[in-house]
Amino acid sequence: MYRDDYFLKEAVKQAKKALSIGDVPIGCVIVFEDKIIARGYNRRNKDKSTLSHAEIIAIKKACKKMGDWRLEDCTMYITLEPCPMCAGAIVQSRIKRAVLGAMNPKAGCAGSVLNILQTDGFNHKTEVELISSESLQNECSLLLSSFFKSLRQTKSQ
């Protein structure tokens with residue numbers, strides 16, 4: 001889907017901002033009525049805060065923009081499958097749909113390790129899709145693998 005590709009590319013731009021400040025390159029945008037209403041990128045190391053994940057930052061901005069904590073008709077585009085904290089925040093904010101650039105087999109909570117976004121018993125479930133574009137999947141994965149490879153090389157020197 002063309003629009004999904006466009007918005008995920010915008011999330012990749014956010015991930016590159018995280019990379020430029022030495023943080024894990026994860027980016028996110030939130031879209032309402034085909035317009036980006038919030039952007040976020042990982043700032044956990046920069047801010048020295050566990051809470052400074054791309055999704056949390058974007059959710060805060062989107063809630064402010066919408067004037068409500070409910071983001072029911074919004075779609076979130078994320079370069080990496082969310083962690084447990086972010087998946088919980090996505091459910092709590094009632095985001096309708098999440099489009100992912102890459103899965104996270106070590107900590108992902110949209111289907112890899114757990115599926116918090118679609119847990120029976122919660123009052124809300126978020127639709128989850130992996131971006132259909134293989135080139136975008138590869139770009140998101142490569143951003144992360146290159147970052148961690150570089151980090152390992154720096155630590156071994």
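Visitor: Ground rules first: buried means under 20% relative accessible area, exposed over 50%, and partly exposed lies in between, with a 1.4 Å probe and protein chains only. What kind of model is this?

Guide: This is a predicted model, in which local features need pLDDT of at least 70 and side-chain atom pairs count only at pLDDT 80 or more, while totals for chains, interfaces and linings use all residues. Residues are numbered from 1 along each chain as its sequence is written, and side-chain values use heavy atoms, with hydrogens and water left out.

Visitor: Which residue does UniProt list for "active site"?

Guide: The unreviewed UniProt entry gives Glu-55. UniProt positions follow the numbering used here, feature names are shortened, and annotations may be inferred rather than shown by experiment.

Visitor: Where does Glu-55 lie?

Guide: Glu-55 is in helix α3, residues 54-66. Helices (H or I, at least four residues) and strands (E, at least two) are DSSP runs, numbered from the N terminus.

Visitor: Does Glu-55 count as buried or exposed, and why?

Guide: Glu-55 counts as buried because its relative accessibility is 4%.

Visitor: What does Glu-55 touch?

Guide: Leaving out residues up to four places away in sequence, Glu-55 touches Cys-28, Met-76, Ile-78, Leu-80, Pro-82 and Cys-86. Contact means heavy atoms within 4.5 Å.

Visitor: Now the sheet. What is the strand order?

Guide: The sheet is open, with five strands in the order β2-β1-β3-β4-β5 and mixed pairing. Its edge strands are β2 (35-41) and β5 (127-130), each pairing on one side only. Two strands pair if DSSP finds at least two bridges between them.

Visitor: How do β1 and β3 run?

Guide: Strands β1 (residues 27-32) and β3 (residues 74-78) run antiparallel and are joined by five bridges. Ile-30 stands opposite Met-76 in β3. On the β2 side, β1 also runs antiparallel, with six bridges, and there Ile-30 stands opposite Ala-38.

Visitor: And β3 with β4, parallel or antiparallel?

Guide: Parallel, over four bridges. Met-76 stands opposite Ala-98 in β4. The chain gets from β3 to β4 through helix α4 (residues 84-93), and this β-α-β crossover is right-handed. Right-handed here means that, with the strands pointing away from the viewer, the path from the first strand over the helix to the second runs clockwise.

Visitor: What about the faces of β4: which residues are on each side?

Guide: Arg-97 and Val-99 are on one side, Ala-98 and Leu-100 on the other, and all are buried, so both faces are covered. In a regular strand the side chains alternate between the two faces of the sheet. Strand β4 also pairs with β5, again in the parallel sense over four bridges, and Val-99 stands opposite Glu-129 in β5.

Visitor: Back to α4. Which residues are buried there, and what covers them?

Guide: The buried ones in α4 are Cys-86, Ala-87, Ala-89, Ile-90, Val-91 and Ser-93. Their cover includes α3 and β3. Just after α4, Arg-94 has a positive phi of about 65 degrees.

Visitor: Which strands does α1 lie across?

Guide: Helix α1 lies across β1, β2, β3, β4 (97-100) and β5, running at about 140 degrees to β1. Axes are lines fitted to C-alpha atoms, for helices over the stretch in contact, and angles run from 0 to 180 degrees between N-to-C directions.

Visitor: How many residues does α1 have, and what should they span?

Guide: Helix α1 (residues 2-20) has 19 residues, which should span 27 Å at 1.5 Å a residue, and its end C-alpha atoms are 27 Å apart, which agrees. The expected span is 1.5 Å times one less than the number of residues.
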